[in-house]
Amino acid sequence: MDALPEYSMMVGEVRWRCLGFGDEGVPYRMAQNFPMLLEAARAARRRAYAPYSRFQVGAALLMDGVEFTGTNVENASYGGTLCAERSAVSAAVSSGRRSLELIAVSTDASELPEIGMRAPCGLCRQVISEFATPGLLVLLDGGTAIDGTAQGDVIPFDLLLPWRFRLKGERLG
Ligand code: THU
């Protein structure tokens, strides 16, 4: 993949690396929610049930302006494991929410530079896309910089999942 355009910005105490944005950059209206959503994802991660992989993941999202969180919920069958992102989406949809506006993910790999180790898996991307509103942003916890500053990445969801699978005539219901 070609190098993405990137720039940095501070929102509250957190430094964000914004990847893949054009001239307009990250909408200020959404950026206001970044610090609290990152904090909620980090808190959720501490509640993860991950005795098998020991890889703890927390997700926090805004649907219809309301915050929901989820963690990975592992299972002895392994295959029954649920990812944090899908836990959070299930919680929100079960409460009657349908419009996903912002999602943050925090993982045990937050300190690592590799985006692929911190971003939602392919299955979660498809589930997220079911409820994604146009312009959905994904926040990835980036841990703590050497100077002690909390950091993260902001990525447009469309960059993570172009050409998502959909059915003809599909509507958000
Ligand atoms: N996991 C998530 O919760 N979200 C992802 O997007 C990737 C993987 C969890 C599933 C499993 O409990 C652990 O991380 C290791 O794969």
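## How the sheet is put together

Me: Happy to start with β7: which residue there is the bridge partner of Val 138?
Reply: Ile 155 is the bridge partner of Val 138 in β7. This is a predicted model, where local features need pLDDT of at least 70 and side-chain atom pairs count only at pLDDT 80 or more, while totals for chains, interfaces and linings use all residues. Residues are numbered from 1 along each chain as its sequence is written, and side-chain values use heavy atoms, with hydrogens and water left out.

Me: What makes β6 and strand β7 (residues 150–156) a pair?
Reply: Two strands pair if DSSP finds at least two bridges between them. β6 and β7 have six bridges, in the antiparallel sense, so they pass that test. Strands themselves are DSSP runs (E, at least two residues; helices are H or I, at least four), numbered from the N terminus. The two strands form a hairpin with five residues between them, and Gly 148 in the turn has a positive phi of about 90 degrees.

Me: What makes β5 largely enclosed?
Reply: Seven of its eight residues are buried, so β5 is largely enclosed by the rest of the structure. Buried means under 20% relative accessible area (exposed is over 50%, partly exposed in between; 1.4 Å probe, protein chains only). Strand β6 (residues 132–144) is mostly covered, with 10 of 13 residues buried. On the β3 side, strand β3 (residues 57–63) and β5 pair antiparallel over seven bridges, including Leu 62 with Leu 102 and Val 57 with Thr 107.

Me: Why are α3 and α4 called roughly parallel?
Reply: Helix α3 (residues 84–94) and α4 pack at an angle of about 25 degrees, with their axes 9 Å apart. Axes are lines fitted to C-alpha atoms, for helices over the stretch in contact, and angles run from 0 to 180 degrees between N-to-C directions. Angles under 35 degrees count as roughly parallel (over 145 roughly antiparallel, 65 to 115 roughly perpendicular, the rest oblique), and α3 and α4 are therefore roughly parallel to each other. Their contact (heavy atoms within 4.5 Å) involves residues including Val 89 and Val 93 of α3 and Val 127 and Phe 131 of α4.

Me: Last one: in what order do the strands of the open sheet come?
Reply: Seven strands line up as β1-β2-β7-β6-β5-β3-β4, with mixed pairing. The edge strands are β1 (6–11) and β4 (66–71), each of which pairs on one side only.
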